Structure formats: C-alpha cells, structure tokens
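Here is a short report on salt bridges. Keep the sequence and the structure in view as you read.

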Amino acid sequence: LFCAALLFWYRKRINPPLVDDDYGLSDSSQTKMQRMKSLIRVRTTKQIEKGIDKRDADAGLGWLKFLYEDYEPRCYWFTVVELLRRLWLTALIALLGSDEELTSATQLSLGLLGSIVYYIVLSGYDPYISRSDDFLGKVAAGQIVLTYFAAAQIQMRANADNGEAGDPKSIYDNVVFNIGCVAVGAASAAVGLFLVAADAGKSIGCLSPPSRASSADAPEEKE
C-alpha cells in the first residue's frame, strides 16, 4: 500500500503529459482523439522516449526511481502488480494450505487463477521499456500458468476417490506429459539465455574500438 500510495502521489511527474501534434484538427476532434488514445493505451516509440527523458530529467524523483525505472511512463504502477503477484503466489497461497498435506487443490486452483490474471495484464499492457523484456516476461508468465495447470491436474487425479473420476486415460501420467513439462522449462531457459546473449552482444558492439578501416578514413589532425 505504501508503494502504491507513493506512485499515485507522484504519478503526474513519473508519467508526464506530452504535447501531441494537433494534425490541424478542431478542438472537439482533438478531444475525441485523445480519449481514443487513452482507451487503447497506445503511444509511439518517439512518445515513449520523450516521456522517459522528461521523467529522468526530474531530479526530485531519484529516490523513487527503483520502483518504475524498468517500465514505460504509462505503466509506472506495474511494480504494484508485481508485488501483488508475488504475495498471491507465495504468502496467500501458503496460508490456505493444509497441516496434513503438502499441497491442496485450493492452493493450486488459486495459483492457476492468479497466474492467468497476471499473464492477461502483462500481455495487455506490455509495460517494460525493452521489447525483449516484454517477450521474456510473457514466456515466464506462460510457463507459470502451464506449471500450475499440470500440478492441478496431477493433484486432482491423486485426490479422486474413484479412479475413473480422476484421470482414467492417464493423460497426465505418461512419458509424453513428462517430456512436455521438461520441454516447457527448457524452452523458457533457452529464450532467457538467448535474450541475455543478444543484449550482451549489443553491449560489446557499443564498447568495441573502431575498426582500422574507419580509423583510416578519419581525417588526420594537423600539428
């Protein structure tokens, strides 16, 4: 609640208003266009960069920067969503467990619900500044959804009093299902490593010294 209150209080400075081109439209048409933009929550790359530059230029927000620096200005509040997701999938679910069983169907169903809601919000807003971070976040969120789904099916099969009411065809108790679970984890790890390697390659390219050809083309300084 404290983080949410801080972000809300400084929201106009974290997400500064931008002056858009009026395209020669009348005042009423401009108002309709602004309402449409606010409804679909779309900004161009140029607008995003302008908003980030304006936000970073505010020296008074330096102490609060760690809460929003990874997100676009319009999604300054996404840190609160992340905190709620972690609390939902850890603390809240742990409180609803059983003293006699390690896992309950209630925990798995609520975990599956929370992971699906988070995936929908993440996919709908694309909050991160970097597109690769948005993509990696969706992959990780999708993996959590699939993990909870698989665990819920296994738990329901184990809890069924009648074998025919649980998993009569053994869909979730065969080699194919196990291979699928391993493949989901391996694919997520591979995507993460690829994005890390790509970012590292870009950083190395920026830090590499100029080539001999470019040095030769440069004009010589006069003594």
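Predicted model: local features only at pLDDT ≥ 70, side-chain atom pairs only at ≥ 80, totals over all residues.

What does Asp58 meet in a salt bridge? Its side chain meets that of Arg13. The distance is 2.8 Å, N to O. This pair links distant parts of the chain, 45 residues apart. Asp58 lies in the loop between helix H4 (45-56) and helix H5 (78-95). Arg13 belongs to helix H2 (residues 11-14). Arg13 has 36% relative accessibility, so Arg13 also counts as partly exposed.

## Lys138 and Asp126

Another salt bridge brings together the side chains of Lys138 and Asp126, at 2.9 Å from N to O. Again, distant parts of the chain are linked. Lys138 sits in helix H7 (residues 131-159). Asp126 is found in the loop between helix H6 (105-125) and H7. The two residues are 12 apart.

Is Lys138 buried or partly exposed? Its relative accessibility is 25%, so Lys138 counts as partly exposed.

## A network

Some salt bridges share partners. They join Glu72, Arg74, Arg131 and Asp134 into one network.

Look at Glu72 and Arg74 within it. They form a salt bridge, and their closest N and O atoms are 2.7 Å apart. Glu72 and Arg74 are both buried.

How many salt bridges does a search of the whole structure find? The search finds 8. Among them are Asp58 with Arg13, Lys138 with Asp126, and Glu72 with Arg74.

How values were computed. Residues numbered from 1 in each chain as written. Heavy atoms only, no water. Salt bridge = Lys/Arg side-chain N within 4 Å of Asp/Glu carboxyl O. Helix = DSSP H or I, 4+ residues; strand = E, 2+ residues; numbered from the N terminus. Buried < 20%, exposed > 50% of the residue type's maximum accessible area, 1.4 Å probe, protein only.
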